Amino acid sequence: MEHTCEEPRLPAPRGPLSRAVEDHLRAVGPLPADEEITAAPVYGDDFQLALYLCYELHYRGFAGVAAECEWDPELLRVRAALEERFLTALRADARRHDDVDEALAGILVEPVDGTGVSHFLRDEGELWHVREYAVQRSLYHLKEADPHAWVLPRLWGRAKAAMAAVEFDEYGGGRADRVHARLFADLMTDLGLDPTYGRYLDAACAELLVTVNLMSLFGLHRSLRGALVGHFATVEITSSPGSRRLAEAMRRTGAGPAAEHFYDEHVEADAVHEQVVRHEVIAGLLEAEPHLAADIAFGVDATVFAEDRLGERLLADWSAGRSSLRTPLPQEFAHVS
């Protein structure tokens, strides 16, 4: 299937917040009131979709939505209110460390008896689990590296050079056919899924939206550059071993050669990236701005927190024999309990 750059359609609202944001984007209604933002569960579907809609205007936007909405002052005011609640919740719920080395220590060594999503998919997952995992992750992987690119203008020296080098790899080293987002689209095609950007937004659970919104929150704010670097370090450190398990899952379930290749590529690339991020990006940033240590540690903690919540949601659904998706896949791909 040809991969296009078309703007995705607006998703179905998940409550009054996301409905009001969509009405504003369509110019048919007012934005949500402050009390509605305060009342909504911060990790819930409605709150997270409303924030995702605001953020997506800085990426591909939406079909039928004016490009000028990206910098709409009233929408930015609403986004800021959503962000304040989200960030406050993360600082309360996720922060565990102020020291970077202590924060990283928890993810540098894998437990012998790991029980996460990649372990489940490798050991007992079926093809329908693999398809659902790809659908959920498509909201990030089809724009892989883009949220992290926001930090480049906010770094300099060693940190900037090393971050640019890693991003260059993520974008295929100058080759369009090796851009990681393109490789994931090929994975989806192997799995009989639609690789169109944003196609499965309606299907993704709130816990997945949290993981993607976290990247945008950190990436779009200069004041959170340290947290973005901590987030990126966590992704790169945990990616290689996780990708090895996922590559095995792809082979065992017969997902297809492009599906296998996507994760094989990440096993090798991210093992190198981990070293660069730790020893050049983080070390370079701390050398230049040592006061950002607590922010880097927070970025690590927040990422672990968000990913753990997502993993718990997926495993709870799958262990009960039910789909993790909010909307079903086409019947030929759906799991029938």
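Me: What do the buried residues of α1 pack against?
Reply: The buried residues of α1 pack against α2 (34–39), α3 (45–56) and α4 (73–93). Contact here takes heavy atoms within 4.5 Å. Helix names come from DSSP runs (H or I, at least four residues; strands are E, at least two), numbered from the N terminus.

Me: What should I know about the model itself?
Reply: This is a predicted model, where local features need pLDDT of at least 70 and side-chain atom pairs count only at pLDDT 80 or more, while totals for chains, interfaces and linings use all residues. Residues are numbered from 1 along each chain as its sequence is written, and side-chain values use heavy atoms, with hydrogens and water left out.

Me: What makes helix α1 (residues 16–25) mostly covered?
Reply: Seven of its ten residues are buried. That label means under 20% relative accessible area, while over 50% is exposed and anything in between is partly exposed (1.4 Å probe, protein chains only). The buried ones in α1 are Leu17, Ser18, Ala20, Val21, Glu22, His24 and Leu25.

Me: How do you know whether Ala145 is buried or exposed?
Reply: Its relative accessibility is 1%, so Ala145 counts as buried. Ala145 also has a positive phi, of about 85°, without being a glycine. You'll find Ala145 in the loop between α7 (127–141) and α8 (146–149).

Me: Why is Gly116 called partly exposed?
Reply: Its relative accessible area is 29%, so Gly116 falls in the middle class. Gly116 is in the loop between α5 (100–108) and α6 (117–123). Gly116 and Glu307 are 191 residues apart in sequence but 9.9 Å apart in space, C-alpha to C-alpha.

Me: And why is Ser239 called buried?
Reply: Ser239 has a relative accessible area of 13%, so it gets under the cut-off. Ser239 belongs to helix α12 (residues 225–253). Setting aside neighbours within four places in sequence, Ser239 is in contact with His266 and Asp270.

Me: What makes the pair of Tyr43 and Phe305 tilted?
Reply: Rings of Phe, Tyr and Trp (its six-membered ring) pair if their centres lie within 6.5 Å, with planes under 30 degrees apart called stacked, over 60 edge-to-face and the rest tilted. By this rule there are six aromatic pairs. Tyr43 and Phe305 come out at 5.8 Å centre to centre with 55° between the planes, so tilted is the word. Tyr43 lies in the loop between α2 and α3 and Phe305 in helix α14, so the pair ties together parts that are 262 residues apart in sequence. Tyr43 and Phe305 are both buried.

Me: Which residues have the most contacts inside the largest nonpolar core?
Reply: A nonpolar core joins buried Ala, Val, Leu, Ile, Met, Phe, Trp, Tyr and Cys residues through side-chain atoms within 4.5 Å. The largest one has 106 residues, and those with the most contacts inside it are Leu82, Phe86, Leu121, Leu187, Phe218, Tyr263 and Trp318. Helix α14 (residues 293–319) gives the most to this core, with eleven residues. Not counting residues up to four places away in sequence, Phe218 touches several others, including Leu87, His231, Phe298 and Ala302. Tyr263 also forms one aromatic cluster with Phe184 and Phe262.
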